[in-house]
Amino acid sequence: MIVFILRRLTQSAVVIAAMAVLVFTGIFAIGNPIDVLISPEADEVERAAAIARLGLDQPMHVQFARFVESAVGGDLGTSFVHGVPALGLVLQRFPATLELALAAMLLAVLLGIPLGLWAGLKPDSVAGRVIMTGSILGFSLPTFWVGMMLIMAFAVQLGWLPAGGRGQTASLFGIQWSFLTRDGLAHLILPAINLATFKLSLVIRLARAGTREVALQDYVKFARAKGLSPARVVGVHILKNIMIPVVTVLGLELGSVIAFSVVTESVFAWPGMGKLLIESILQLDRPVVVAYLLLTVLLFVVINLVVDLIYSMLDPRIRLGGGRA
Amino acid sequence: MTQPLLRVENLQTHFATRAGTVKAVNGVSFDLRRGEILGLVGESGSGKSVTGQSILGLVDLPGRIVGGRVLFDGEDLVTAGEKRLRAIRGRRIAMIFQDPMMTLNPVLSVETQMVEAVLAHDKVGRAEARRRSRDALGRVGIASPDERLAAYPHQFSGGMRQRVAIAIALLHSPDLILADEPTTALDVTIQAQILFEVQTLCRETGTALLWVTHDLAVVSALADRVAVMYAGRIVETGPIADVIQAPRHPYTRGLLDSVPSRNRRGVPLRSIPGMAPSALDLPQGCAFQPRCGRADAACSVMPDLAPDAHAWRCWHPHDADAQGAAA
Amino acid sequence: MSAAREESPLRRLARDFARSRVAVVGLAVLVLVMLAAVFAQLVAPQDPYDLAQLDIMDSLQPPGTAGGAGWTYWLGTDDQGRDLWSAIVFGLRTSLEVGILATLIALAVGVAVGMLAAYAGGAVDGAIMRLVDIQLSFPAILIALILLALLGKGVDKVIVALAAVQWAYYARTVRGSALVERRKEYVEAARCLALPHSRIMLRHLLPNCLPPLIVVATVQVAHAIALEATLSFLGVGVPVTEPSLGMLIASGYGFMLSGNYWVSLFPGVALLVVIVAINLVGDRLRDVLNPRLSH
């Protein structure tokens, strides 16, 4: 197990290093670093000073070393717009995004697995067909449009739920969370549903395909032959087997949910880091964009690592290796 | 005569497929007494496995029991509700499947899978359930059962997994075990070991055994009686010695002629000509007639199975003493 | 006559395809949409971007209102008195143009790179596939956003960004099927004849990699259109002067909250119809062209 973790950590480090090179190349080789790192409003003197300060007149490898050094130290430049360190700005918005992403994932799993199980156990029933049609629609609908329709239906027409913002928040571990207050929770519902739609369709498909495959296995019949209740056969023998692909894919999708929260946050004015990214892109606040990018890469790598660990916990064949552990 | 433990009467299990109805089990009847071992023999597709699964109501859709009765201790399992069946499954009738690689859930530990089987029928504590599981593993010859309980199926060899499956089947000392080719997927030596052990365990506990297999040689070493199935029907049944010594149905004889150990050296093995018929397109009357050297016009009417101890479904049976003569 | 006896592969394909009624409907819708986009001037009663044709007095009219010019605004008008139906037809044109062009470029790049990887093998293959893996592990929208942040606005920039997002899918698909095909005898035979590498790749390998590519490309056009709409909605996509469906939806967003739902709703429905139609056709193509591909 320890060997496994170490090996995965090494792999992660390699990916981070590769991404650092890519980001660096993106800024310094493809783009013009002066545009990225120096505010367009700076005058000639300031520019010259900044170029010298940032070492943009140095050879590439020296610049790369500096870039890595400052990135490791958490210095990713200062926001042109807000005048504060870019990384801090992004980090400050991170909990809102995380809250939204996790709420969406939770919804996708809590609804998707039972629906997928149902559709998989009774593929030819009316309910099974309805579930599958719904999941096809969920795949086709663009997220932002679904979000707008949700607002129109539930906020504008029915007036049941608020249309945007985080609502009232409460503090936990020194961070503000919406789900701890009634008002905040009401604000969380629509964005979470919106962000969950696509993943819900995915979970349904995965769970259905897994169920159809697993339900035909001899071990399911053997479990029934032991006299187990249907609840135990489905809830333990089938569920535990379909959880392996679902968890793997979902874990990997957490990154994509965080990325897609850019859209949902923009629709629902949810003050997360995705909304910050869009604002920064529109305002040409590039240090913030770079900070977001590097943070996201790091996040992705961490997520992949955690997913692998969970995966290995779910599947004894991986956890224990081929033979006796 | 006392009531048999299991009486299958005119059992019919059909599969509704897009291409038509497959009559996998088409009027099968047999009795099984307490402690008796019956071998149910046939090629793949003969309906023998479906017969076994029909007894416990474990046939998956599109398969369905469309007729007949399965009387277990006088109770009809075909009409019994799912709840009633559940109380019988694993407790009074246990089942062992063909491929030990597939019968244990790969993501659950052996302990989980054994303990749940205990708890499905007995209200005992976990510790007690665990103790019983460990004892059951010991009984089927698994060394250091305590350690093995915590393991997962992939850490066992095929033979060991089948022992675990047998141990699970024996947990509640059932009256009947349905064994669906449980040794086919194993090495020959392990196959022999397991056969011997199962036989011993059944004799000790007085458990009846329905041994489903394609292998007549296995049955001849194990069973008290044998029923030979072809295309969804029993074509010959009787005490094992009678059937082996004097097979009457041409199909049974064909099967015996293709068993290597039964033939004298130098005599070439004979296989049955032709192929097993498509279950969708069975000939009128006797299903074996297209492959049978003795078939004539009479065979287009299905012969009946006499209610005798040794009975056959054939208009032109071999003579009782004709064993060994050239066919 | 022998000509009628042998059914051409294309005919067989068409017949298999037509066996799914839903897919035929999807295809019909798709053809109609394409025609409408190509002949936008004829289909739309108004040129929505000729300001002289707009009447500000007709702004934000609900669907079905009779307009000043003597015809009816069946889908209503936007804040500048623009007929929404006309705007949608023209928006469709931009959306399809961006989606199809981006897909074609990505297809060309992806096929070239994938073929190279499969044909060269070894370290080249390893390096290319690593890059593909890394790119595919990041969500498309993130890559497109970052690229557009670096490149700036414009229809051409959006096309480049979308192509950059997609190429990896094709590279992976082509490499997969080319590796399979490469081992087959006809390629060996072509090699023994000492045909030039380029000829073997283009004339022998490529045609056999086509079926999976067509399937992936069809579905990717839908993805590209949806992604373009999303990017335009976020304000980093096409410029206001060439509004796509996504842009129309975005510009109607503000009015939606005040109850003028149609400005956003109808472009959204149009977008949905296009995407669903493409997906239906793509799904069916996948089933018809290669049953093994379906999952």
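At what angle do α9(A) and α10(A) pack, and how far apart are their axes?

Guide: This is a predicted model, and what follows should be read with that in mind. In it, α9(A) and α10(A) pack at an angle of about 145°, with 10 Å between their axes. The crossing that these two helices make is right-handed. On the side of α9(A), the residues that take part are Y219(A), V220(A), A223(A) and R224(A), and they meet V233(A), H237(A) and I238(A) in α10(A). Sorted by class, this contact has five nonpolar residues, one polar residue and one charged residue.

Chain A meets chain B through 23 residues of chain A and 25 residues of chain B. On the chain A side, the elements that give two or more residues are α9, spanning 218-225, α10, spanning 230-268, and α13, spanning 316-319. Of these, α9(A) gives the most, with seven residues. By class, the side of chain A that touches chain B holds eight nonpolar, six polar and nine charged residues.

Turning to chain C, the contact takes 29 residues from chain A and 30 residues from chain C. Here the elements of chain A that give two or more residues are α1 (2-30), α7 (143-157), α10, α11 (273-282) and α12 (286-314). It is α10(A) that gives the most to this side, again with a count of seven residues. The side of chain A that touches chain C has 21 nonpolar and eight polar residues, and no charged residues.

Within chain A itself, the domain assignment gives domain 1 as 2-72 and domain 2 as 89-319. Twelve residues of domain 1 are in contact with twelve residues of domain 2 in this chain. On the domain 1 side, α1 and α2 (33-37) of chain A are the elements that give two or more residues, and the largest share, eight residues, comes from α1(A). The residues on that side divide into ten nonpolar, one polar and one charged.

Chain C has eleven helices and two strands, and along its sequence they follow the pattern α-α-α-β-β-α-α-α-α-α-α-α-α. Of its 295 residues, 45% count as buried, and among its contacts with a separation of 6 or more, 67% are between residues 24 or more positions apart. In the largest nonpolar core, which holds 248 residues, the members that touch the most other members are W211(B), A144(C), L145(C) and L162(C). Leaving aside residues up to four places away in sequence, L162(C) touches V98(C), A102(C), A144(C), A224(C), L227(C) and E228(C).

In chain B, one loop residue deserves a look, namely P247(B), which lies between α10 (240-245) and α11 (250-257) of that chain. P247(B) counts as buried because it has 27 C-beta neighbours inside 10 Å. Beyond residues up to four places away in sequence, P247(B) touches E236(B), T252(B), R253(B), L256(B) and H318(B). P247(B) and D319(B), 72 residues apart in sequence, are 8.4 Å apart in space from C-alpha to C-alpha.

How values were computed:
Residues numbered from 1 in each chain as written. Chains lettered and ligands numbered in written order. Predicted model: local features only at pLDDT ≥ 70, side-chain atom pairs only at ≥ 80, totals over all residues. Core = buried A, V, L, I, M, F, W, Y, C linked by C-beta atoms within 7 Å. Buried ≥ 20, exposed ≤ 12 C-beta atoms within 10 Å, placed from the backbone. Contact = placed C-beta atoms within 7 Å. Helix = DSSP H or I, 4+ residues; strand = E, 2+ residues; numbered from the N terminus. Nonpolar A, V, L, I, M, F, W, Y, C, P; charged D, E, K, R; others polar. Axes fitted to C-alpha atoms, helices over the stretch in contact; angles between N-to-C directions. Left-handed = near helix turned anticlockwise from the far one by under 90°. Domains from an automatic or database assignment.
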